[in-house]
Amino acid sequence: MPVEPVTPAIDFERDLADAERAAVARPDDPGAALRLAECRLYCGQVAQALEGVRALESLTWSQPEWLLRVAEFHVHGGQHEAAWRCHERVLALCPDDPDAHYAAASSCVALGRMDQADQLYQRVIALRPDDYDAWQNRSTLRRQTPEANHVEQMRYVLGHLDADDDGQVPVNYALGKELEDLGEYDAAFGHYQAGAEARRRRLSYDVATDESVMHRITTTFDADWVKQASEGSDVPGPVFVMGLPRTGTTLVERMLSAHPDVASLGETNTLLYALVHAAGPHDNREQLFSRIPGIDLPALGERYRTATRGYGHDAPLLVDKAPLNILYLGLILKAMPGARVIHLRRHPLDACFAMYKTLFRMGYPFSYRFQDVGRYYLAYHRLMAHWRAVLPGRFLDVDYEALVTDTEPQLRRLLDGAGLDWDPGCMDFHRQATPTATASAAQVRRPVYSDSVGRWRRYERQLAPLAAKLRQEGVDC
């Protein structure tokens with residue numbers, strides 16, 4: 001996942017200046033070099049950041065602790081092969097280090113090497129049996145079968161965990177997933193619920209904050225703003241793929257990036273960093289949003305384009321897949337009127353349940369309680385209705401269900417919406433070796449499948465209160 005700003009009061013230019021001074025004062029300190037790379041990413045100096053990380057890799061080649069940190073930054077820059085190179089070196093230096101095996105397994109998942117990832121997670125568990133995140137990650141690598149699963153092992157583990165042990169979260173999610181694979185849906189739901197409740201208790205989160213932000217967006221970026229806001233360059237691209245998590249955004253990204261004229265940036269915070277920089281120093285998100293209406297939109301678009309060029313892709317068209325760019329859809333289309341936007345939709349109950357049963361270690365704190373999921377979904381639903389009203393015809397809605405059941409016609413529509421000619425290779429997206437580091441990393445290595453359509457019906461009784469709430473607010477379930 002992308003790195004997040006770490007300073008309480010966000011001032012990217014100040015942080016970069018401080019990091020530059022520290023790097024000059026301590027030229028042999030890997031920590032100072034990494035902090036400089038981090039600040040360069042925030043300021044859109046992506047090429048310089050990645051160059052610095054590559055240089056640091058050589059300097060730390062025999063220092064495993066630092067090399068693991070370097071690998072993290074390769075991941076932040078979407079350089080997964082480089083991250084694997086570092087992880088492989090650390091494994092050679094520290095063959096019995098569970099942290100090294102865990103990090104290497106994550107690289108293998110991103111690169112589609114699921115069997116190798118499974119072996120590495122197994123090694124982590126052997127070296128450190130209470131690394132329950134490894135248990136949970138292992139469960140996601142493949143569909144479990146009656147002949148090959150870890151259900152009894154995990155039931156034994158749960159039976160010996162204290163009720164307040166942090167391991168309750170990943171083990172319950174893992175057990176829920178494996179039981180669902182085996183068709184034991186009631187038991188699976190019980191474990192999803194136990195894991196989600198345990199995770200939610202550990203978070204300080206109020207869904208009202210996100211509701212307020214989305215409401216503020218609809219009142220600030222209204223039809224008058226759309227008419228009056230200055231527009232940036234109409235240079236074609238990029239293609240922004242967005243929507244709620246677990247609605248098919250990674251599938252679409254993979255289909256598009258299988259086209260010979262396309263490369264994917266993956267899931268980055270590049271747009272958010274450019275927006276934060278344009279808004280200037282601020283202390284919190286409310287202050288950030290209060291400044292957004294007055295920012296220089298053409299400058300925002302150019303800063304974003306400069307940053308994305310730094311990733312080194314030479315394809316004519318780039319794909320940016322950050323699900324929650326839905327919050328900035330209006331800004332995107334005004335700052336970069338040549339951009340294309342594809343918004344993924346999915347049946348409301350399938351979308352909500354898919355989020356609920358996924359353990360997001362970073363982000364999406366609304367996903368661990370059905371009351372929060374429902375309220376967040378309704379706020380999102382209103383926000384997208386707003387964007388359709390003030391930006392008619394400016395973005396393409398794609399229904400996940402149609403895409404996986406009527407694939408070629410929908411893919412043709414998708415490519416046309418992205419401004420691309422038809423290429424049959426996009427139907428074989430699952431064969432491409434390019435990395436992906438999202439929660440769907442294992443699924444998108446398979447051909448198109450429709451198993452997930454209508455999955456909510458297996459849990460219709462448990463989802464009934466959520467369905468009633470959504471219907472009450474006018475959402476078609």
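**Exercises on helix packing, sheet order and cores**

Helix α12 (residues 207–220) packs against helix α20 (residues 370–390) at an angle of about 5 degrees, the axes being 10 Å apart. The model is a predicted one, in which local features need pLDDT of at least 70 and side-chain atom pairs count only at pLDDT 80 or more, while totals for chains, interfaces and linings use all residues. Residues are numbered from 1 along each chain as its sequence is written, and side-chain values use heavy atoms, with hydrogens and water left out.

**Exercise 1. Classify the packing of α12 with α20, and describe the residues of their contact.**

Step 1. Recall how the angle is defined: axes are lines fitted to C-alpha atoms, for helices over the stretch in contact, and angles between N-to-C directions run from 0 to 180 degrees. Helices are DSSP runs of H or I with at least four residues, strands are runs of E with at least two, and both are numbered from the N terminus.

Step 2. Apply the classes: under 35 degrees is roughly parallel, over 145 roughly antiparallel, 65 to 115 roughly perpendicular, and the rest oblique. With an angle of about 5 degrees, α12 is therefore roughly parallel to α20.

Step 3. Look for contacts (heavy atoms within 4.5 Å). The α12 side includes Met 214 and Ile 217, and the α20 side includes Leu 383 and Trp 387.

Step 4. Sort the contact residues: nine are nonpolar, two polar and four charged. Here Ala, Val, Leu, Ile, Met, Phe, Trp, Tyr, Cys and Pro count as nonpolar, Asp, Glu, Lys and Arg as charged, and the others, Gly among them, as polar.

**Exercise 2. Now do likewise for helices α2 and α4.**

Step 1. Helix α2 (residues 30–42) and helix α4 (residues 64–76) have axes 11 Å apart and an angle of about 10 degrees, so they are roughly parallel to each other.

Step 2. Leu 34 and Leu 41 are among the α2 residues that meet α4, whose own residues in this contact include Trp 66 and Phe 73.

**Exercise 3. Work out the strand order of the open sheet, and find its edges.**

Step 1. Start from strand β1 (residues 239–242). Three bridges join β1 to β3 (residues 317–321) in parallel, with Val 239 partnered by Val 319. Two strands pair if DSSP finds at least two bridges between them.

Step 2. β1 also pairs in the parallel sense with β4 (residues 340–345), over four bridges; Val 241 stands opposite Ile 342 there.

Step 3. The five strands run in the order β2-β3-β1-β4-β5 with parallel pairing. Strands β2 (262–266) and β5 are the edges, each pairing on one side only. The twist averages 25 degrees from one strand to the next.

**Exercise 4. Which residues touch the most other members of the largest nonpolar core?**

Step 1. A nonpolar core joins buried Ala, Val, Leu, Ile, Met, Phe, Trp, Tyr and Cys residues through side-chain atoms within 4.5 Å; buried means under 20% relative accessible area, exposed over 50%, and partly exposed in between (1.4 Å probe, protein chains only).

Step 2. Among the 135 residues of this core, Leu 329, Trp 387 and Leu 470 touch the most other members. Helix α20 provides the largest share, 11 residues.

Step 3. Apart from this core lies another, of 23 residues, including Val 241, Leu 344 and Val 398.
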